[in-house]
Amino acid sequence: MKIGVTLSALGLGSMASSPNAGTLALALFLAGFGAALVWVPAPGIAAAMVGPTQGGLAIGLVGSGIGTGVMLAGPLTSAVRAANGNEFAWRPVYALQASFGVLVLIGLLTVLRRSNNTTGTEKVPISVLTTVPNWRSITLAFVIFGITYSLFFYFLPAQLVASGWSGDTARLMFALLGLASIFGGVVFGRISDHLSRQTTMGFGFILMATAPVLTLFNNGFLVIIGVFAFGLCIAGVPTTIGAMLADALEGRAFVAAFGTITFAFGVAQLIGPPFAGWVGDRTGSFQIPFIVASIAALVGASLTVRMKVPSDASNP
């Protein structure tokens with residue numbers, strides 16, 4: 001995790017000072033790779049610290065940090081650009097994020113210490129994922145989540161502006177999305193600790209299917225409901241998926257399995273943006289990608305119906 005935060009901070013700092021597009025692309029890759037080194041082991045560490053009965057809640061609390069970042073990104077970006085007198089400025093924004101990364105790294109180095117109870121350095125094969133009940137459905141569900149997420153999340157502000165909303169209001173809705181995701185992981189994690197993981201994940205996908213459609217209505221109240229619902233699922237669905245892995249694996253085995261499905265999730269995110277951008281350029285709207293996102297989420301919900309509840313599941 002410390003290495004991941006270090007790489008993220010270096011990547012963000014490099015983005016702020018990139019002299020050309022090629023350097024910027026490399027810096028983006030470095031920041032993203034660092035983020036992966038943080039996100040992949042963090043849920044497993046949290047779940048192992050509290051045990052299976054509260055594993056979902058612990059993973060949800062970890063995921064709430066992402067929602068906090070999403071919520072603060074919009075207002076901070078607007079404030080930085082206003083201070084610089086340039087509404088399109090991006091270097092100062094990345095520089096501010098890099099400074100946050102340095103502060104987080106200092107906190108980690110201060111608080112976290114290397115455990116004296118390390119249990120060897122044996123490698124765990126990625127095939128350990130196949131020992132998890134319903135691993136195929138879990139992996140496919142995360143892929144579908146990635147497609148749905150990338151079709152809606154990145155293009156919500158643009159669609160709202162295309163529908164006649166002001167840029168400031170669209171950014172406010174994006175902040176609401178982040179606010180909801182702060183609570184989504186905790187809420188879904190807690191529910192999945194008491195109900196079945198499969199039922200909780202299915203409920204999340206149904207919410208994800210409803211949200212994009214609601215945001216297409218010319219009704220502010222429905223848009224707010226849709227944005228908040230999708231925000232809950234941004235952290236809620238991955239939290240539930242992570243908890244399903246944590247029920248069966250721990251330590252390095254969890255990291256290997258979660259890293260594998262996270263890779264699948266990342267590849268899936270390569271599908272949504274090019275398609276949505278292509279449609280948006282030709283139609284001036286993202287209605288079709290939003291509808292496709294809803295359909296994909298319904299497919300995700302259908303996967304949970306086929307999942308078998310493990311006989312030794314810790315949650316009833």
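In this predicted model, T139 has a relative accessibility of 17% and is therefore classed as buried, since the cut-off for that class is under 20%. T139 belongs to helix α6, which spans residues 135-152. Apart from neighbours within four places in sequence, the residues in contact with T139 are L129, I261 and A264.

Helix α6 also takes part in a helix pair. Two packed helices are described by the angle between their axes and the distance between the axes. For α6 and helix α13 (residues 287-306), the axes come within 9 Å and cross at roughly 165°. The two helices are therefore roughly antiparallel, because an angle over 145 degrees is counted in that way. Their crossing is left-handed. On the α6 side, the contact involves S137, L140, A141, I144, T148, L151 and F152, which meet P289, F290, V292, A293, A296, A297, V299, G300 and L303 of α13. This contact comprises 13 nonpolar and 3 polar residues, with no charged residues.

A further pair is found at helices α1 (residues 2-16) and α2 (residues 21-39), whose axes come within 7 Å and cross at roughly 160°. This angle makes α1 roughly antiparallel to α2. The crossing of α1 with α2 is left-handed. Residues of α1 that meet α2 include I3, V5, L7, L10, L12 and M15, and among their counterparts in α2 are L24, L28, L30, F33, L37 and V38. Classified by residue type, the contact of α1 with α2 contains 15 nonpolar and 5 polar residues, and no charged ones.

Definitions and conventions: Residues are numbered from 1 along each chain as its sequence is written. This is a predicted model: local features need pLDDT of at least 70, side-chain atom pairs count only at pLDDT 80 or more; totals for chains, interfaces and linings use all residues. Side-chain values use heavy atoms; hydrogens and water are left out. Axes are lines fitted to C-alpha atoms, for helices over the stretch in contact, and angles run from 0 to 180 degrees between N-to-C directions. Helices (H or I, at least four residues) and strands (E, at least two) are DSSP runs, numbered from the N terminus. Angles under 35 degrees count as roughly parallel, over 145 as roughly antiparallel, 65 to 115 as roughly perpendicular and the rest as oblique. A crossing is left-handed if the near helix is turned anticlockwise from the far one by less than a right angle, and right-handed if clockwise. Contact means heavy atoms within 4.5 Å. Ala, Val, Leu, Ile, Met, Phe, Trp, Tyr, Cys and Pro count as nonpolar, Asp, Glu, Lys and Arg as charged, and the others, Gly among them, as polar. Buried means under 20% relative accessible area, exposed over 50%, partly exposed in between (1.4 Å probe, protein chains only).
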